[in-house]
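The sequence and the structure come first, and the description follows.

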Amino acid sequence: MAWRSLAFDPKMKLNRKSITAEKKRHTLKSLVISDFNRRILFLCRIVAGSVHDYTLMKDVFTPGSAWFEKVNLWLDLGFLGADKDYQSTQIYLPHKKPRKSKKNPNPTLTPEQKKQNRKQAATRVIVEHAIGGMKFFHCLVVGLSSLYTTMYNYFLA
């Protein structure tokens with residue numbers, strides 16, 4: 001009966017699989033630019049986790065400007081539309097699986113598209129390792145209250 005009182009708490013979320021309650025967390029997000037040597041070249045301000053990746057990119061890097069004119073960008077599917085808004089030498093976005101419909105009941109990617117997605121994922125994993133290196137030093141994973149966010153941004157600047 002104790003678990004029922006936890007489930008009705010607005011800060012708790014009921015997990016149906018094991019009948020336990022999980023506390024909701026306020027996540028934080030930042031935009032990271034890294035090179036192939038896992039060096040962090042750019043780290044933007046910390047924002048709420050509910051902000052979409054591409055919206056954050058448009059806020060930080062104004063579309064139409066020459067931010068990425070002489071570099072290649074490897075992005076994930078959270079940045080769909082970046083190839084239309086930004087001028088770059090090359091923007092690599094993975095192929096998105098088509099939607100299921102009556103005409104296409106079993107949508108799949110072609111073997112060539114799957115091969116390209118794997119190649120791009122192997123390149124993007126280097127950035128994920130750089131982010132993991134930042135998390136190793138607990139720079140970005142410490143939970144903060146809203147009183148300390150200015151100090152948190154000062155630490156990262």
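Two residues are in contact when heavy atoms of theirs lie within 4.5 Å. The model discussed here is predicted.

**Overall fold**

The chain has 157 residues, and 20% of them count as buried. Its secondary structure consists of five helices and eight strands. In sequence order these elements follow the pattern α-β-β-β-β-β-β-α-β-α-β-α-α. Of the contacts between residues at least 6 apart in sequence, 31% join residues at least 24 apart. The chain exposes about 12200 Å², and carbon and sulfur atoms supply 56% of that area.

**Core and aromatic residues**

The largest nonpolar core holds 16 residues; L31, M57, F61, L75, F79 and Y86 are the members that touch the most others. Helix α2 (residues 53-60) gives this core its largest share, four residues.

Which residues does F61 contact, leaving aside its neighbours within four places in sequence? They are L31, I33, F42, W67, F68 and Y86.

F36 is exposed because its relative accessible area, 53%, is over 50%. W74, at 29% relative accessibility, counts as partly exposed. F61 and W67 form another edge-to-face pair. Here F61 is buried, with a relative accessible area of 6%, whereas W67 is partly exposed at 47%. The geometry of the two pairs is set out below.

| Aromatic pair | Centre to centre | Angle between planes |
|---|---|---|
| F61 and W67 | 5.2 Å | 70° |

Is D35 buried or exposed? D35 is buried, because its relative accessible area of 17% is under the 20% limit. Its side chain reaches the backbone nitrogen of N37 at 3.2 Å. The side chain of D35 also makes a polar contact of 2.7 Å with the side chain of R39. Not counting residues up to four places away in sequence, D35 touches L41 and I126.

R38 has a phi near 65°, a positive value in a residue other than glycine. In contrast to the buried D35, R38 is exposed, with a relative accessible area of 52%.

**The loop between β8 and α4**

P98 is located in the loop between β8 (90-92) and α4 (111-136). With 35% relative accessibility, P98 counts as partly exposed. Leaving aside neighbours within four places in sequence, the contacts of P98 are N104, P107, T108 and L109. For one of these, L109, the C-alpha atom is separated from that of P98 by 7.5 Å, and the two residues are 11 apart along the chain.

Notes:
Residues are numbered from 1 along each chain as its sequence is written. This is a predicted model: local features need pLDDT of at least 70, side-chain atom pairs count only at pLDDT 80 or more; totals for chains, interfaces and linings use all residues. Side-chain values use heavy atoms; hydrogens and water are left out. A nonpolar core is a set of buried Ala, Val, Leu, Ile, Met, Phe, Trp, Tyr and Cys residues joined through side-chain atoms within 4.5 Å. Buried means under 20% relative accessible area, exposed over 50%, partly exposed in between (1.4 Å probe, protein chains only). Helices (H or I, at least four residues) and strands (E, at least two) are DSSP runs, numbered from the N terminus. Accessible areas come from the Shrake-Rupley method with a 1.4 Å probe; for residues, only the protein chains shown count as cover. A polar contact is a pair of N or O atoms within 3.5 Å; within protein, one must be able to donate a hydrogen and the other to accept it, and residues adjacent in sequence count only if both atoms are side-chain atoms. Rings of Phe, Tyr and Trp (its six-membered ring) pair if their centres lie within 6.5 Å; planes under 30 degrees apart count as stacked, over 60 as edge-to-face and the rest as tilted.
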